[in-house]
Amino acid sequence: MNRYRAASCAGLIGGFAIATLVYGQVLPRRTECFQWDQAYGQMVLFSVIGAAITATVLGLTIGLLFGRHFWWAASPRKRIWVAALLVVYPLAEFIVVLWPRIFGFGRLLFSSIDARYADCQAMAFSAPGLLGGIIGQGVAAYGQWQVISALLLGACAVGGLLAWILSELFVRALGLERIAQGGEA
């Protein structure tokens, strides 16, 4: 009975070894994991900055595009938060967090990251972490999707707040508040 178990285990291990050779799935080296992690971490950093800028710009301009067609775009405060939290955040979340999990790495925006980067989560390769090691040092950036989501949400909220402040400054500085009330500027 033990001989049959040993033979079946050997056959199973041999089958996995052959399948690995046939499909070319070789585990990545630590240096490769480190490079891919840095590339993904850099993409996260630029996405956080881009989400804040996009939320600010879209919050200020969405009224020009949709202000006469939709009720939420006619109200300055509502349109800023709709633009930041209901347009920019889901888009950034899809691109940075969901895209690699659905479509994988190695294509389009993620062409600098190999498809085997997901295998690096289980390896110890002295990951730098996010934001230059401030968050999650030693953990692959791919495995920190909750933190990335929170960073993107915070960036969109900061962008919305900045758009709201700029909007209020523009209204007061240009005298638009008096014109809207029926007075002269």
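Colleague: Within what distance does a side-chain nitrogen of Lys or Arg have to lie from a carboxyl oxygen of Asp or Glu to count as a salt bridge?

Modeller: A salt bridge pairs a side-chain nitrogen of Lys or Arg with a carboxyl oxygen of Asp or Glu. This is a predicted model, and the cut-off applied to its atoms is within 4 Å.

Colleague: Which residue forms a salt bridge with Glu 168?

Modeller: In this pair the closest N and O atoms are 3.1 Å apart, inside the cut-off of 4 Å. Glu 168 lies in helix H5 and its partner in helix H4, so the pair ties together parts that are 91 residues apart in sequence.

Colleague: How many salt bridges does the structure hold?

Modeller: Another joins the side chains of Glu 32 and Arg 116, at 3.7 Å from N to O. Counted over the structure, the number of salt bridges is 4.

Colleague: How many residues apart in sequence are the parts that Glu 32 and Arg 116 tie together?

Modeller: The side chains of Glu 32 and Arg 116 meet in a salt bridge. Glu 32 lies in helix H2 (residues 30–66), whereas Arg 116 lies in the loop between H4 and helix H5 (145–174). Both Glu 32 and Arg 116 are buried. The parts that the pair ties together are therefore separated in sequence by 84 residues.

Colleague: Glu 93 is buried yet has no salt bridge; which side chain of opposite charge is nearest?

Modeller: Glu 93 lies in helix H4 (residues 76–102). Not counting residues up to four places away in sequence, Glu 93 touches Leu 98, Ser 149 and Leu 152. The nearest side chain of opposite charge is 8.1 Å away, whereas a salt bridge needs the nitrogen and oxygen within 4 Å. That side chain belongs to Arg 101.

Colleague: Are H2 and H4 roughly parallel or roughly antiparallel?

Modeller: H2 and H4 pack with their axes 8 Å apart, at an angle of about 155 degrees. Angles over 145 degrees count as roughly antiparallel. The residues that meet include Tyr 40, Val 44 and Ser 47 in H2 and Val 96, Val 97 and Pro 100 in H4. H2 is therefore, relative to H4, roughly antiparallel.

Colleague: Are H2 and H5 roughly parallel or roughly antiparallel?

Modeller: The axes of H2 and H5 cross at roughly 30 degrees and come within 7 Å. The contact includes Ala 51, Ala 55 and Gly 59 of H2 and Ala 155, Gly 159 and Gly 160 of H5. Because angles under 35 degrees fall into this class, the two helices are roughly parallel.

Colleague: Is the crossing of H2 and H5 left-handed or right-handed?

Modeller: The crossing of H2 and H4 is right-handed. For H2 and H5, whose axes come within 7 Å, the crossing is right-handed.

Colleague: How many helices does the protein chain have?

Modeller: Along the sequence the pattern is α-α-α-α-α-α. The protein chain has 0 strands, and the number of helices is 6.

Technical notes:
Residues are numbered from 1 along each chain as its sequence is written. This is a predicted model: local features need pLDDT of at least 70, side-chain atom pairs count only at pLDDT 80 or more; totals for chains, interfaces and linings use all residues. Side-chain values use heavy atoms; hydrogens and water are left out. Helices (H or I, at least four residues) and strands (E, at least two) are DSSP runs, numbered from the N terminus. Buried means under 20% relative accessible area, exposed over 50%, partly exposed in between (1.4 Å probe, protein chains only). Lys and Arg count as positive and Asp and Glu as negative; His and the chain ends are not counted. Contact means heavy atoms within 4.5 Å. Axes are lines fitted to C-alpha atoms, for helices over the stretch in contact, and angles run from 0 to 180 degrees between N-to-C directions. Angles under 35 degrees count as roughly parallel, over 145 as roughly antiparallel, 65 to 115 as roughly perpendicular and the rest as oblique. A crossing is left-handed if the near helix is turned anticlockwise from the far one by less than a right angle, and right-handed if clockwise.
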